Structure formats: structure tokens, C-alpha cells
Amino acid sequence: MQNVTLIGFGAIGRTLFQRMAGVPGLRITHIVVPPEHAAAAREHAGDAQVVSAVPVDTDLVVECAGHQALTEHVLPALARGTECAVLSIGALSEPGLPEQLAEAAAQGSTQVHLLSGAIGGVDAIAAARIAGLDSVTYTGRKPPTGWRGTPAEDVVNLDTLSEPTVILENTAREAARLYPKNANVAATVSLAGLGLDHTQVRLIADPTVTENIHHIDVRGAFGEMQITMRGKPLPDNPKTSALTVLSALRFLHNRVGAVTI
Ligand SMILES: NC(=O)C1=CN([C@@H]2O[C@H](COP(=O)(O)OP(=O)(O)OC[C@H]3O[C@@H](n4cnc5c(N)ncnc54)[C@H](OP(=O)(O)O)[C@@H]3O)[C@@H](O)[C@H]2O)C=CC1
Ligand SMILES: O=C([O-])CC(=O)C(=O)O
């Protein structure tokens, strides 16, 4: 039995926790939340313990909390030798953080896994990179509700928007800096491919759609690839596609399955 600690108990953490019930070979034993959320989290945590730090004897950590959790919890866990899987990939746009994660994992002789989250095709981009990539572009399109609480509110009036409107056209690094909760896919695609400074990103607020739509165009020595994902958002967080939870579940299933895919 592998003991798993979740960091974060928001839209992803709660859904993942519910879906993990009954998965053989794995159990979520601890959930790390900010102290002010501890009482509310205990109401939904079942037998898992709600704590403020990752326990030293956990086998595996899954982060679904945000930028701060990477420095506060993931770096020390890796340095102690605990394997970690990360969903807040947008946070890796902070200069130095990818190197810090790599150094902490090396110090602990373990690995940090950057999960594919809301997007598919990360395996293909990372494989194609080996032979050389010419261009990687990413377009993220969400309904106006998906942009609430972000700098998009200074660019357009989300309440009255009547047609698709580009709110950012820049590099993946700039997209992740300005829209950390909406540019995880941009950061993932970049880290698999040409890097944050060489991946072009367009973010669009679109009142005509109800899904989170991710489109990737990749060209290189391998050929070409175009992927469009139309992800249904989680009911608790319109910024987050439901597939993100499933990508973490896939990772966990692969930890214990005799065959991994
Ligand atoms: N890789 C991908 O494709 C995707 C990644 N994500 C990322 O996954 C993460 C979780 O998303 P989601 O569940 O939708 O977000 P939510 O905002 O619903 O939940 C995140 C929770 O983590 C808590 N939290 C923040 N900091 C810490 C910390 N240091 N330690 C423990 N808990 C903390 C938050 O508390 P509080 O509200 O008080 O801050 C909140 O309760 C986000 O970073 C998001 O950007 C999301 C979608 C796709
Ligand atoms: O669709 C999602 O789940 C989240 C998203 O756009 C992103 O963070 O890039």
C-alpha cells in the first residue's frame, strides 16, 4: 500500500480525493491545507488527516494547490527523498524554480513529475523535441467566467463581452506570469517543447463557448501535430478542466499497475 499526501484541497484536491476512494494499492492518508482551511477540510477528509506540512513518512505527494505550495512543501519533500507529482505547472515560469525542483529531487535521489493536467499530447511533444522542433504555439480559449479574478478584467469587460476577444498574445513565460491559474497548459506545452521563452501563446475570452478549449500546433523534424481539447470545467472552479483531475488519477494508477499506459 502506498501512502499518498495531497497538497491542496480545492476543486482538484476534493475531486481527486473522492475519485481515489477504492483505488487498490493507494490511499490518501494526509491532506495539507492552509491553517485557516483546516476545519472546513476535515468535514470532507474522511479518514485522511488534515495537516499543515507533508509528513516525513509519506510515499508520494500530489500537489494541487498553487505556486506557494511548491516552495513551501514540494521542495522540502523532494530534498528529503519523497517523490512528488505537480499540477501547478504555471508556477515553473518563475525564473530559477525549475532548477530548484531539479536540485531538490537530485538531493533526495528522487523524482518530480510534471503532470500533463488539462492537456493531451505532452508525450508526443516531448518525444518530438528530441529530433528538433521548429515552432510550438498554444491558444487557450475560455468563457468569461474562466477569466474572473485575473488581469483580463483590466483588458475587457467580462460581464458585457459579446464576441471572442484576445486578452494576451505573448510568450508562455509572460502568459504564466500574468495568468498563473490559466496558463498551466501553456507552461506544460513549453516545458515539454521549446521552453517558456520560445512558445507563442494567445489567450482568448470567448462568450460563445462553455468549455475550456486548448489548441496546440507543433512543427518540427518529426512532422506536424495539431491538438484541440474541449475540456469541461470542474463545477467548483471554472478555470480548471475536469481532465486535470483524471491526469493525476492516471499517474496514481500507473504507480501501482502492473502495466502502465
Ligand atoms: N496542470 C494543469 O493543466 C492545471 C493546473 N491547475 C493548477 O492546479 C492548482 C489547483 O487548482 P484548483 O484545485 O482548481 O484550485 P483551487 O483554487 O480550487 O484550490 C487550490 C487550493 O489550494 C490551497 N492552497 C493554496 N496555497 C496552499 C499551500 N501553500 N498549501 C496548501 N494549500 C494551499 C488554496 O487555498 P486558498 O484558496 O486559501 O489559496 C485552495 O484551497 C492551481 O495551481 C491551478 O492553477 C489547474 C488546472 C489545470
Ligand atoms: O483548462 C484548465 O484546466 C486550466 C488551464 O486552462 C490552464 O491552467 O492552462
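# Briefing: two ligand shells and the protein around them

The shell around ligand 1 has 14 nonpolar, 14 polar and 2 charged residues. Here Ala, Val, Leu, Ile, Met, Phe, Trp, Tyr, Cys and Pro count as nonpolar, Asp, Glu, Lys and Arg as charged, and the others, Gly among them, as polar. This is a predicted model: local features need pLDDT of at least 70, side-chain atom pairs count only at pLDDT 80 or more, and totals for chains, interfaces and linings use all residues. Residues are numbered from 1 along each chain as its sequence is written, while chains are lettered from A and ligands numbered from 1 in the order in which they are written.

**Ligand 1**
- Ligand 1 is surrounded by 30 residues, and the closest are G8, G10, I12, S88 and G117. A residue is near a molecule if its C-beta atom, placed from the backbone, lies within 6 Å of it.
- At least two shell residues come from each of helix 1 (11-20), helix 3 (67-80), helix 8 (184-192) and strand 13 (237-241). Helices (H or I, at least four residues) and strands (E, at least two) are DSSP runs, numbered from the N terminus.

**Ligand 2**
- Around ligand 2 there are 13 residues; A118, N184, V185, N212 and S241 are the closest.
- This shell divides into 4 nonpolar, 8 polar and 1 charged.
- Helix 8 and strand 13 each give at least two residues to the shell around ligand 2.

**Overall fold**
- The protein has 9 helices and 13 strands.
- Its radius of gyration is 18 Å, which agrees with the value near 18 Å for a compact globule of 261 residues. That radius is taken over C-alpha atoms, and the globule rule is 2.2 Å times the number of residues to the power 0.38.
- The C-alpha trace spans about 50 × 45 × 35 Å along its principal axes.
- Of the 261 residues, 43% count as buried. Buried means that 20 or more other C-beta atoms lie within 10 Å of the residue's own; exposed means 12 or fewer, and partly exposed is in between, with C-beta atoms placed from the backbone.
- Among contacts with a separation of 6 or more, 70% join residues 24 or more positions apart. Two residues are in contact if their C-beta atoms, placed from the backbone, lie within 7 Å.

**Nonpolar core**
- The largest nonpolar core has 76 residues. Such a core is a set of buried Ala, Val, Leu, Ile, Met, Phe, Trp, Tyr and Cys residues joined through C-beta atoms within 7 Å.
- L6, V86 and A186 have the most contacts inside this core.
- Beyond its neighbours within four places in sequence, V86 touches E63, L70, V74, V112, H113, L114 and L115.

- Helix 1 is largely enclosed by the rest of the structure, because 7 of its 10 residues are buried. They are A11, I12, G13, R14, T15, L16 and F17.
- The cover over these buried residues includes strand 1 (2-7), strand 2 (26-32), strand 12 (233-234), strand 13 and helix 9 (243-256).
- G22 follows helix 1 and has a positive phi, near 90 degrees.
- Helix 8 is mostly covered, with 9 of its 9 residues buried.
- The buried residues of helix 8 pack against strand 6 (112-114), helix 5 (122-129), strand 7 (133-142), helix 7 (172-178), strand 9 (200-205) and strand 10 (212-220).

**Annotated positions**
- An unreviewed UniProt entry carries the annotation "domain: Aspartate/homoserine dehydrogenase NAD-binding" for residues 8-113. UniProt positions are given in the numbering used here, feature names are shortened, and annotations may be inferred rather than shown by experiment.
- Residues 8-113 are 38% helix and 19% strand, and the end C-alpha atoms lie 17 Å apart.
- The unreviewed UniProt entry also annotates H214 as "active site".
- H214 sits in strand 10. H214 is buried because 26 other C-beta atoms lie within 10 Å.
- Leaving aside neighbours within four places in sequence, H214 contacts A118, I119, G140, V185, M229 and G231.

**Exposed loop residues**
- T208 lies in the loop between strand 9 and strand 10. T208 is exposed, with 10 other C-beta atoms within 10 Å.
- T208 and A127 are 81 residues apart in sequence and 35 Å apart in space, C-alpha to C-alpha.
- S109 is in the loop between helix 4 (97-107) and strand 6. S109 counts as exposed because it has 8 C-beta neighbours inside 10 Å.
- The phi of S109 is positive, about 50 degrees, although S109 is not a glycine.
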